[in-house]
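Please read it with the sequence and the model side by side.

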Amino acid sequence: MWVKVAAISGTIAVVAGAFGAHALKARLDPGQLESWATAAQYHLLHSVVLLALGLFAAYSGRPVKLPASLFSAGIVLFSGSIYLLVLTKMRWLGPVTPIGGLLVILGWLSLLRIGND
């Protein structure tokens, strides 16, 4: 399942990165473009992590639900909130971004548990 989630997430990340680099370049100020690029970079990086976790689970039989779930939620809340902040006027999303960042950090820390099982 996590390989499929990674495939979908990675596809969205590449599309978002290309969209920001091409379609939004003339419409956004440099700060907004930088925020978009950061969101796309973190999105793609953690999609690759999801792929690695999915492959690890498939070949080892070990569970990866906790870190994969944390990374997935972190991608949605961190990158997703930045995408929406850049594209819309929904400023109430600002506090969501650090929550997503915290989930990504917890995802990394949860990998310690896999290494100790």
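How close do the axes of helix α1 (residues 2–22) and α2 come, and at what angle do they cross? The two axes come within 8 Å and cross at roughly 160 degrees, where axes are lines fitted to C-alpha atoms, for helices over the stretch in contact, and angles run from 0 to 180 degrees between N-to-C directions.

**Basis of the description**

The model is predicted, so that local features need pLDDT of at least 70 and side-chain atom pairs count only at pLDDT 80 or more, while totals for chains, interfaces and linings use all residues. Residues are numbered from 1 along each chain as its sequence is written, and side-chain values use heavy atoms, with hydrogens and water left out.

**The chain as a whole**

The protein chain has four helices and zero strands, and from the N terminus on its elements run α-α-α-α; helices (H or I, at least four residues) and strands (E, at least two) are DSSP runs, numbered from the N terminus. Taken along the principal axes, the C-alpha atoms fill a box of roughly 50 × 25 × 15 Å. Of the 117 residues in the protein chain, 39% are buried, where buried means under 20% relative accessible area, exposed over 50% and partly exposed in between (1.4 Å probe, protein chains only). The protein chain exposes about 7,000 Å², of which carbon and sulfur atoms supply 73%; accessible areas come from the Shrake-Rupley method with a 1.4 Å probe, and for residues only the protein chains shown count as cover. Among contacts between residues at least 6 apart in sequence, 69% join residues at least 24 apart, with contact meaning heavy atoms within 4.5 Å.

**Helix packing**

Two packed helices are described by the angle between their axes and the distance between the axes.

| Helix pair | Axis distance | Angle |
|---|---|---|
| α1 and α2 | within 8 Å | roughly 160 degrees |
| α2 and α3 | within 9 Å | roughly 160 degrees |
| α1 and α3 | 12 Å | about 20 degrees |

The crossing angle of α1 and α2, roughly 160 degrees, makes α1 roughly antiparallel to α2, given that angles under 35 degrees count as roughly parallel, over 145 as roughly antiparallel, 65 to 115 as roughly perpendicular and the rest as oblique. α1 passes α2 in a left-handed crossing, a crossing being left-handed if the near helix is turned anticlockwise from the far one by less than a right angle, and right-handed if clockwise. The residues of this contact of α1 with α2 divide into 16 nonpolar, seven polar and no charged; here Ala, Val, Leu, Ile, Met, Phe, Trp, Tyr, Cys and Pro count as nonpolar, Asp, Glu, Lys and Arg as charged, and the others, Gly among them, as polar.

Helix α2 (residues 30–60) and helix α3 (residues 65–87) cross at roughly 160 degrees, and α2 and α3 are therefore roughly antiparallel to each other. Their crossing is left-handed. Residues making the contact include W36, H43 and L50 of α2 and F71, F78 and Y83 of α3. By class, the contact of α2 with α3 has 16 nonpolar, seven polar and no charged residues.

For α1 and α3, the angle of about 20 degrees means that the two helices are roughly parallel to each other, and α1 passes α3 in a left-handed crossing. In this contact W2, V5, S9, A16 and F19 in α1 meet K65, A68, S69, S72, I75, Y83 and L87 in α3, and its residues comprise eight nonpolar, three polar and one charged.

**Selected residues**

H43, placed in helix α2, counts as buried at 5% relative accessibility. Leaving aside neighbours within four places in sequence, H43 is in contact with S9, I12, A13, I75, S79 and Y83.

V3 lies in helix α1 and is partly exposed, with a relative accessible area of 32%. V3 and L53 are 50 residues apart in sequence and 7.9 Å apart in space, C-alpha to C-alpha, while the contacts of V3, apart from neighbours within four places in sequence, are with L51, G54 and L55.

S69 belongs to helix α3 and is partly exposed, with a relative accessible area of 29%. S69 and W2 are 67 residues apart in sequence, yet 9.2 Å separate them in space, C-alpha to C-alpha.

T97 is found in helix α4 (residues 96–116) and is buried, with a relative accessible area of 12%. Not counting residues up to four places away in sequence, T97 touches L77, F78, S81, I82 and L85.
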